[in-house]
Amino acid sequence: MTTTTRTQPPATQPTRAARRDLFRSPSALPEADRRRIADALVATLADGIDLQTQAKVAHWNVKGPHFSQLHALFEELATALAGHGDDVAERAVTLGGRAAGTAREVAAASRVPELPAGTVRDLELVALLADRVEAYLGGLRAAQALAEEHGDPETVDLLTGVAADVEKHGWFLRATLGE
């Protein structure tokens, strides 16, 4: 039986990941701009995955007289965020970046506040998720402004669509609270 040994790169040469090289990209943007935009997209991705999982936790655990309505509302939010996360990740990779989305990576990178442990009351969860949607949108808008500043209309367009949809979900949450 033949065994193959994988060799590690020499210690004197950092790996591609350690150097944070960008991969080849069809984008005409300068490498420095692609790097900054891809990094902002990866941060937005972490926030979105975090918010998506918080919406799922709310979906699973909600209790109270508004259970049926909120169970569905929270699921719709989580599903929308999952789709947007895929689009954001793919744009980051298109620019030559690396999408980071494991649970550990998201936990280390997310800027979205954590839901307080044990929160299950219906309208309390609505208010907490509405606040977290707004935090997510703040990071998304910063990434959008960066893309605009560096002349990346494709990323601006993508993030405009994501923002419009997530704002709609935020409106649903605030309207549920009568705000």
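User: Why is Trp171 called exposed?

Analyst: Happy to start there, with the note that this is a predicted model. A residue counts as exposed over 50% relative accessible area. Trp171 has 55% relative accessibility, so Trp171 is exposed.

User: And what makes Phe172 buried, exposed or partly exposed?

Analyst: The class between the two cut-offs, 20% and 50%, is partly exposed. Phe172 has a relative accessible area of 26%, so Phe172 is partly exposed.

User: Why is the pair of Trp171 and Phe172 called tilted?

Analyst: By the rule for ring pairs, the count is 1 aromatic pair. The ring centres of Trp171 and Phe172 lie 5.1 Å apart, and their planes meet at 45°. Centres must lie within 6.5 Å to pair; planes under 30 degrees apart would be stacked and over 60 edge-to-face. With an angle of 45°, the pair is therefore tilted.

User: How do you know that the length of helix H6 agrees with what it should span?

Analyst: Helix H6 covers residues 153-176, which is 24 residues. The expected span is 1.5 Å times one less than the number of residues. That gives 34 Å for H6, and the end C-alpha atoms are 34 Å apart, so the two agree.

User: Which residues of H6 are buried, and what do they pack against?

Analyst: Among the buried residues of H6 are Val156, Leu159, Val162, Val166 and Leu173. The buried residues of H6 pack against helix H2 (31-61), H3 and helix H5 (122-149). Just after H6, Gly178 takes a positive phi of about 80°.

User: What makes Ala78 buried or exposed?

Analyst: Buried means under 20% relative accessible area. Ala78 has 2%, so Ala78 is buried. Ala78 sits in helix H3 (residues 67-94).

User: Which residues is Ala78 in contact with, leaving aside neighbours within four places in sequence?

Analyst: Those partners are Gln52, Ala55 and Lys56. As for Asp50, Ala78 is 28 residues from it in sequence and 10.0 Å from it in space, C-alpha to C-alpha.

User: What does the whole chain look like in secondary structure, and how much of it is buried?

Analyst: The chain has 6 helices and 0 strands, in the order α-α-α-α-α-α along the sequence. Of its 179 residues, 41% count as buried. Among contacts with a separation of 6 or more, 76% join residues 24 or more positions apart. The chain exposes about 10,000 Å², with 56% of that supplied by carbon and sulfur atoms.

Methods
Residues numbered from 1 in each chain as written. Predicted model: local features only at pLDDT ≥ 70, side-chain atom pairs only at ≥ 80, totals over all residues. Heavy atoms only, no water. Phe/Tyr/Trp six-rings, centres within 6.5 Å; stacked < 30°, edge-to-face > 60°. Buried < 20%, exposed > 50% of the residue type's maximum accessible area, 1.4 Å probe, protein only. Helix = DSSP H or I, 4+ residues; strand = E, 2+ residues; numbered from the N terminus. Contact = heavy atoms within 4.5 Å. Areas by Shrake-Rupley, 256 points an atom, 1.4 Å probe, with all protein chains shown as cover.
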